[in-house]
Amino acid sequence: MTDPNPAHPQGPAFLKVWDDYVAASQSLFERLSGGSSATVGGLGAPMPPAFLGPWKDFAASLGMPPDLGVGVGGQFKPEQLFASFLPGLGYSREYQEICRRMLELTTQFRRRYAEFAQQSADIGKSALHAVQQRGASDDTLRASPAAIYDAWIDSAEAAYAQAAHTEPFARLLADLCNILSAFKVERGKLLEALARQLDWPSRAEIDSLHRQVRSLTTAAAKAAAATQPAAARKAAAAKPAAAKAKSRKASKRGVK
Amino acid sequence: MTAAADSFARLLKDAAATQERAQSTLRALREIGDVEVGLSDRTCVYAEDKIQLYRYAALARSAKLPPLLICYAMVNRPYMLDLQPDRSLIRELLFSGIDVYLLDWGYPDGADRFTSLEEYICGYLGRCVEFILEQNAADGVNMLGVCQGGTMSLCYAALQPQNIANLITMVSPVDFRTPENLLSKWAQHIDVDALTQSGNVSGEFLNLVYLALMPFRLTQQKYVNLLQMHGDPEQLKNFMRMEKWIFDSPDQPARAFREFIQWFYQDNRLIRGELTLDGTQVLLKNIKCPVLNIYAANDHLVPPSASIPLGAHVGCEDYEALQVDVGHIGMYVSGKARKVVPAAITRWLLKRNLA
């Protein structure tokens with residue numbers, strides 16, 4: 001039997017939690033429908049923290065930020081969303097780890113690319129300033145759009161070269177490249193797993209076969225070198241080449 | 001009319017003329033279709049895996065020089081040296097009576113990702129040299145190494161000096177850590193292990209890097225200038241041949257690329273005498289044959305400072321350097337280089353042959 005009194009001050013704890021859930025839901029619906037009240041059911045009671053609180057604590061214990069990545073000024077920061085996640089757990093642990101790593105790399109790339117865009121903007125500004133300065137002292141620029149354009153390109157290349165030769169720029173480019181490389185490696189792991197599931201040949205299998213073929217070819221060449229005279233060896237190597245040359249000439253003439 | 005109105009009227013006239021030129025260029029571009037490259041007659045005389053060794057048909061009486069093997073870079077296609085009949089270094093050499101061979105590295109694919117730089121230099125290149133020596137019953141070949149191919153030629157010549165009669169390097173880096181070398185600066189912090197861990201390095205990636213060296217000129221100005229070509233079909237075809245070559249970059253075999261970047265760009269091992277291939281130290285001082293080092297004064301890929309130091313490190317007494325007032329690509333196709341380079345190579349080789 002349940003107590004008809006919704007407050008249940010002395011009732012079982014789960015009923016208290018249920019009431020809090022209902023109240024929180026009502027509040028949420030009100031907010032979503034445009035109501036500004038933070039009260040429960042319009043009765044004037046404040047929204048109880050008892051239901052959401054434990055969930056927030058639980059989420060925090062997993063490493064989730066309380067604001068779901070919304071930082072200062074309401075700006076979404078995805079890195080905050082997963083930066084302190086726990087390691088992958090359970091049946092899909094390995095895949096969780098790969099995905100987490102890919103997310104991290106995406107964020108790193110995004111951050112570094114923003115810096116790159118900023119550098120590019122600075123280069124553009126600097127080039128524009130240089131063109132303006134040149135225009136002030138060079139009348140020919142004002143008379144010809146082509147001359148202005150050429151001056152713009154010259155200034156832009158000069159400003160770019162100045163930046164591109166610096167250590168921070170080299171590091172920035174390298175970081176972008178290294179992050180992409182790492183991302184490709186992680187993506188490769190997922191594709192490798194997918195190929196296994198679908199019974200497709202995977203990159204690792206093909207690599208293994210290539211290695212075997214190469215070692216067999218090397219061994220065969222060594223064996224041939226040991227048994228054949230040099231002239232015969234060269235003649236044998238030239239034969240397929242001659243055939244290829246023939247087919248090349250044929251294809252140039254459009255003959256199949 | 002006031003001066004301002006005059007000026008405005010002139011601007012409008014200019015704009016109209018520009019628009020007209022652009023329209024006629026675009027019309028002509030639609031009509032020229034695909035372009036052909038590398039038209040000189042040649043035969044593949046040796047092939048192994050992806051590589052092919054071509055011998056060009058003679059165009060003049062033999063100058064009785066040792067055969068010339070051109071070792072081109074792996075990062076681009078070698079047809080740049082035979083782009084079109086009137087822009088062909090190979091053709092000019094053939095007209096001088098030189099017996100020209102060209103090593104084409106092909107388009108490496110996944111099967112080549114574990115092929116080492118050592119295999120490319122000591123293996124493929126070495127076997128091509130041996131093949132030519134045997135086919136011609138010669139004691140040594142003349143070798144012309146171009147760009148990265150020049151660096152590879154230097155390594156080979158240092159390891160097998162007895163097989164090289166004369167060595168010519170063209171726009172080839174030797175010192176990879178000079179202040180003007182932007183590619184080198186960018187390469188220092190690249191994690192090449194990670195870059196090559198997931199396979200070959202794509203040609204598209206390399207193209208992006210090349211464009212990034214001079215982004216405004218190479219991605220904007222070049223095409224704006226194209227629109228001002230008055231729709232001249234010949235000029236446009238020349239442009240399209242270059243365009244085809246520039247973006248026809250083969251994927252780079254992962255292991256060889258990793259080794260090239262780490263050993264040459266990051267560690268600068270060649271000039272420091274710290275490179276080892278096939279179990280042997282690669283020492284430039286072992287190169288005793290005559291050397292001609294041709295470099296471009298305005299090279300943005302291989303700055304002169306990367307090529308010039310060669311003279312101080314080779315072991316030969318007969319060393320000559322030739323600076324040409326062009327850029328990297330201009331060295332192959334510009335009118336200025338066409339006037340100077342083939343003649344200089346021929347003259348230099350003939351002189352060594354008589355000596």
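Let's start with chain A: among its contacts between residues at least 6 apart in sequence, 45% join residues at least 24 apart. Contact here means that two C-beta atoms, placed from the backbone, lie within 7 Å.

Some housekeeping. This is a predicted model, where local features need pLDDT of at least 70 and side-chain atom pairs count only at pLDDT 80 or more, while totals for chains, interfaces and linings use all residues. Residues are numbered from 1 along each chain as its sequence is written, and chains are lettered from A and ligands numbered from 1 in the order in which they are written.

So how confident is the predictor about chain A? Well, pLDDT is its confidence in each residue, from 0 to 100, and the mean for chain A is 75, with 63% of the residues at 70 or more. Confidence is lowest in strand 1 of chain A, residues 39-40, at a mean of 44, and highest in helix 7 of chain A, residues 167-198, at 95.

What is chain A built from? Along the sequence you read α-β-β-α-α-α-α-α-α-α-α. Of the 256 residues of chain A, 10% count as buried, which takes 20 or more other C-beta atoms within 10 Å of a residue's own, again placed from the backbone (exposed is 12 or fewer, partly exposed is in between).

Now look at helix 7 of chain A. Its 32 residues should span 46 Å at 1.5 Å a residue, and the end C-alpha atoms are 46 Å apart, so that agrees. The expected span is 1.5 Å times one less than the number of residues. Its buried residues include F169(A), L172(A), L173(A) and D175(A). What covers them? The cover includes helix 4 (93-137) and helix 6 (145-164) of chain A, and also helix 5 and helix 6 of chain B. Just after helix 7, D199(A) takes a positive phi of about 60°.

That brings us to where the chains meet. The contact takes 33 residues from chain A and 34 from chain B. On the chain B side, helix 1 (3-32), strand 1 (42-48) and helix 3 (117-136) are among the elements that each supply at least two residues.

Chain B also has an open sheet of eight strands, in the order 1-2-6-3-7-8-11-12, with mixed pairing. Strands pair if DSSP finds at least two bridges between them. Strand 1 and strand 12 (319-324) of chain B are at the edges with a single partner strand each, so one side of each has no neighbour in the sheet.

Strand 1 of chain B pairs with strand 2 (residues 51-56) in the antiparallel sense over six bridges. Y46(B) stands opposite L53(B), and E48(B) stands opposite I51(B). The hairpin has two residues between the strands, and D49(B) takes a positive phi near 50° there.

How values were computed. Helix = DSSP H or I, 4+ residues; strand = E, 2+ residues; numbered from the N terminus.
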